[in-house]
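Hi there,

Here is the structure I promised to send over.

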Amino acid sequence: MLKRSLFFLLIIAALAANWLMLRSMNTLLWPYLWPRPAVSVVVGLVAAALWAPELFRGIWPLRLLGPVMVFIGESYLLHSFQATLAAPSLPAVLHLVGFTGTLLVMTLSYINQVAPRDNKAPPALPKELPFVAAVVPTYGEPVDILAQTVISLKAIDYPADRFVIVISDDGHRDEVRALAAAHGVHYNPGARREAKAGNLNSALDYLARHFPATTLVLTQDADELIHPQFLKKLVGYFASNPRLAFVQTPKDAFTPPGDPFGNRDRIFYDVLQPGRNGSNAAFSCGSGVLWRIAAVRSIGGFATWNIVEDMTTSYFLHCAGYSSEYHNEVLTIGLSPDDIPGLLKQRGTWAADTWRWFLFNNPLVRPGLRPRQRLQYLELGMFYVSSVLFMPLLMLTPIISLLTGQFVPIEGAALFPWLFVSTLFYLVLARGRLDFLFRMWQYWIGHWPTYTRAFFIAVRSRRSKPSYKVTRKTRQDGFYGQLIWQQFAYIFVGVLLIARALFWMPEVPASTRIVNIGVIIFYVLMVGGICRAAFFGTTAATWRGLAASAYVAIAVRARTAVKGLASITLAAYDQQQFMTVAEVVRLDEEVRRP
């Protein structure tokens with residue numbers, strides 16, 4: 001009780017000190033530092049970050065920079081609020097709401113990352129190794145890809161009398177059964193219900209019948225290769241902690257040069273997951289994970305409530321009081337979407353899954369979680385909230401300003417310190433890897449239509465979860481720009497408004513136009529990531545086929561329209577009378593009716 005009282009007193013004191021600092025030291029009181037020596041400091045720090053990124057790696061740069069970022073963000077928020085009250089307008093309100101939410105998410109991210117647990121050295125193995133089963137759930141994956149996964153599992157360095165491999169096939173395919181027999185592994189016909197979770201639960205039942213001594217189960221996707229030392233690096237975690245439910249490892253992906261589809265997710269796997277691990281809230285990613293069967297059984301098996309089983313099962317285990325570990329060493333690598341339809345399907349499924357959980361099983365009210373775990377899971381949901389709500393508001397602000405001539409009156413003393421410190425914060429969070437940071441931003445901001453569609457799917461599916469389809473493992477050639485037309489439209493409108501600001505708004509101060517142009521350019525670059533990926537792999541044949549399809553579609557519609565117009569004209573001539581618009585529409589419907 002005393003500790004809790006001291007904790008609350010400390011929070012009250014911190015808030016009071018924060019308010020005093022905002023009143024007496026906010027960035028609006030810094031103009032005498034701008035532009036000199038502030039410009040020199042900014043340029044020097046940016047140069048150091050680019051040329052010596054090792055200075056910004058590790059946890060202490062983040063711990064020291066975080067409070068500065070929060071304070072400068074508060075100063076900017078206070079100024080934005082005052083500016084909106086003084087000169088209310090649509091852009092000012094959109095900007096205020098968007099920035100408030102963005103600062104909240106960034107502050108939450110900082111809090112969640114200050115005490116990571118970054119396990120890279122494997123623990124010692126127990127004297128008696130446990131019995132382990134590797135389960136490969138499959139449904140329609142190409143057999144040659146599945147075979148490579150099985151071969152990699154057979155190469156795992158673990159005693160043969162304590163390790164079995166099971167292919168759990170929801171497709172009940174003869175060729176998969178033959179593959180299992182050819183490689184000397186076990187075959188389980190899946191349950192054909194509840195998607196991958198139902199398949200895995202069917203595999204647990206199979207293990208209980210045929211291998212009851214199994215205590216740990218490795219779940220491995222059908223399109224991933226695994227390191228031979230995987231089990232010897234992870235099994236030791238379970239020896240010292242009977243409440244440990246699972247150990248997750250980071251994954252990597254085979255990607256084209258430059259990772260145009262953003263599939264490697266290195267900031268998530270290398271930075272954010274260790275941060276979650278420090279709060280006992282790292283969650284499973286479905287593959288490359290070792291589970292304690294007894295723990296999974298105690299919550300009713302792999303979770304079937306949601307679309308995807310991995311994160312929800314982790315969540316239920318944490319709510320039940322179990323712990324988890326994250327071993328930060330890449331031990332699996334697999335295929336990933338390399339076309340727009342596959343990418344949107346995968347990211348949309350993850351988003352809808354998280355939206356359903358966040359809306360109907362929210363961590364703020366779910367019993368069993370500790371405060372730090374609640375914050376970690378809250379950040380996961382707020383990522384999608386920011387992408388669907390807060391970020392689009394900030395994207396719209398300069399668009400509406402340049403369309404209407406109404407601008408947000410933000411002082412440079414508030415704006416430029418925030419732009420600098422927020423960029424530096426994310427660069428430190430990315431451990432100095434500007435390429436990883438840029439790709440993360442592109443697919444955080446550029447997927448806003450995907451995550452918005454996922455939100456509405458989730459809202460409509462409270463009582464019955466949406467259907468799940470396995471992500472394709474082979475590329476589907478073609479140009480699918482129509483699937484991301486919103487992103488292309490934003491770029492088109494943004495370029496037009498940049499031209500307007502440059503050549504047709506002389507009455508607006510140059511500094512105001514430059515700031516709004518800069519913001520639009522930033523968001524165009526971010527949205528442009530997925531638009532650029534839409535052109536990946538396209539050839540001259542792709543564009544000839546697209547042109548031919550467009551010509552056929554236009555020609556067919558034109559012929560249909562001409563035939564309909566001729567029929568209407570003849571009918572009117574036969575009746576020898578002039579018709580109203582309503583009568584023309586009625587005759588057109590009669591002509592088209594079979």
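Asp 118 is partly exposed, at a relative accessible area of 39% (buried is under 20%, exposed over 50%, partly exposed in between, with a 1.4 Å probe and protein chains only). Its side chain meets that of Lys 120 in a salt bridge, 3.9 Å from N to O; the term stands for a side-chain nitrogen of Lys or Arg within 4 Å of a carboxyl oxygen of Asp or Glu. Please keep in mind that this is a predicted model, in which local features need pLDDT of at least 70 and side-chain atom pairs count only at pLDDT 80 or more, while totals for chains, interfaces and linings use all residues. Residues are numbered from 1 along each chain as its sequence is written, and side-chain values use heavy atoms, with hydrogens and water left out.

**Salt bridges**

The whole structure holds 15 salt bridges. Side chains of opposite charge can pair when their charged atoms come close. Another such pair is Asp 157 with Lys 232, at 3.2 Å from N to O. Asp 157 sits in the loop between helix 5 (143-154) and strand 2 (163-169) and Lys 232 in helix 8 (residues 230-234), so this pair ties together parts 75 residues apart in sequence. Helices (H or I, at least four residues) and strands (E, at least two) are DSSP runs, numbered from the N terminus. Both partners are partly exposed: Asp 157 has 33% relative accessibility, and Lys 232 has 27%.

Asp 252 and Arg 264 also form a salt bridge, 3.0 Å from N to O. Asp 252 belongs to strand 7 (residues 251-253), and Arg 264 to the loop between strand 7 and helix 10 (266-278), 12 residues apart. Here Asp 252 is buried at 17% relative accessible area, whereas Arg 264 is partly exposed at 27%. Shared partners join Asp 252, Arg 264, Arg 266 and Asp 270 into one network of salt bridges.

**Pocket and cavities**

Rolling a probe the size of a water molecule over the atoms shows where empty space is left. On a 1 Å grid over the protein atoms alone, a cavity is a set of points where a 1.4 Å probe fits but cannot get out; a pocket is an open set with protein on both sides within 12 Å along at least five of seven lines, and lining residues have an atom within 4 Å of a point. Grid points are joined across faces, edges and corners, and a volume is the space filled by probe spheres set on the points.

The second largest pocket holds about 1,100 Å³ of space. Of its 40 lining residues, Leu 415, Trp 418, Leu 419, Val 519 and Tyr 523 are the closest to the centre. Helix 19 gives the largest share of this lining, 11 residues. By type, the lining has 28 nonpolar, 11 polar and 1 charged (Ala, Val, Leu, Ile, Met, Phe, Trp, Tyr, Cys and Pro count as nonpolar, Asp, Glu, Lys and Arg as charged, and the others, Gly among them, as polar).

There are 2 cavities of 30 Å³ or more. The largest cavity has about 40 Å³ of space, and its lining includes Phe 261, Asp 338 and Arg 475. The second largest cavity has about 30 Å³, with Glu 309 among its lining residues. Glu 309 is in helix 12 (residues 309-319) and is buried, at 3% relative accessible area.

Best wishes
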